[in-house]
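User: I have a structure to read and would like to work through it by questions. Please keep the answers plain.

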Amino acid sequence: MLFRKKKTYEDVYKWRRHNNGTCFYCYEDKPVAYAFVGEKGICQECLANFKVGHAGTDRHVITYLTRSLTSHEETVEWLKKHGVKLAPNGQQKDVHYYFAINNMGIFNTYCAIIYGNVDISTVSIATQKRIMDSYNDIEIFKDGSIRIIY
Ligand SMILES: [Zn+2]
C-alpha cells in the first residue's frame, strides 16, 4: 500500500492500540523510519512521499521534518511546499501565529466564528466539531521551531 494523505483528524494513540501496522500512513508492518508513538511511526516510503493533509494529525511528522530549519521564513516555506495552507493570525515578540487550514470550504464558511466575530454557540455541536477540525492553531518561532495545537 502507498502513503495515504490524512484528510481529517485521526487519533494516533487510538491507531496504536489497534493492530493496524507499524506505519501510521500506509498501515503496513514495515521498518519505521521515524517512530513517534512508542515503536510505531512512519515508514521510509511514506516519509519520502509525505504530504500534509491535516496539520493536527500530521503534527509529529511535521515537527520532525522541520527540526533542522532555523528561521520562521524557512519553516513557512517548507509548510507551503508540503501542502499546508496558512492564514496569518498575529505576531507577538518571537512568535508568529497562524491557522493551518485543513478544510478550506468549512474554514471560509465559518471564518466569522473562527476569527471570533460570531459566537461558536450559534451553531450546532456537530458543526462546532467540523469547524474545530477545519484548522489547527500553529505557532512558528523566530528560530524556525513549530508548535501545532490540536
Ligand atoms: Zn508507510
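User: Which residue is the bridge partner of isoleucine 138 in strand 6?
Analyst: The model is predicted: local features need pLDDT of at least 70, side-chain atom pairs count only at pLDDT 80 or more, and totals for chains, interfaces and linings use all residues. Residues are numbered from 1 along each chain as its sequence is written, and side-chain values use heavy atoms, with hydrogens and water left out. Strands are DSSP runs of E, at least two residues, numbered from the N terminus, and two strands pair if DSSP finds at least two bridges between them. Strand 5 and strand 6 (residues 146–149) run antiparallel, joined by four bridges, and in strand 6 the partner of isoleucine 138 is isoleucine 148.

User: Which residue in the turn between strand 5 and strand 6 has a positive phi?
Analyst: The two strands form a hairpin with four residues between them. A positive phi of about 95 degrees belongs to a residue in that turn, glycine 144.

User: How many bridges pair strand 4 with strand 5?
Analyst: Phenylalanine 99 stands opposite aspartate 137 in strand 5. Strand 4 (residues 95–101) pairs with strand 5 in the antiparallel sense, and the number of bridges is seven.

User: Why is strand 5 largely enclosed by the rest of the structure?
Analyst: Buried means under 20% relative accessible area, exposed over 50%, and partly exposed in between (1.4 Å probe, protein chains only). Strand 5 (residues 135–141) is largely enclosed because, of its seven residues, the number buried is five.
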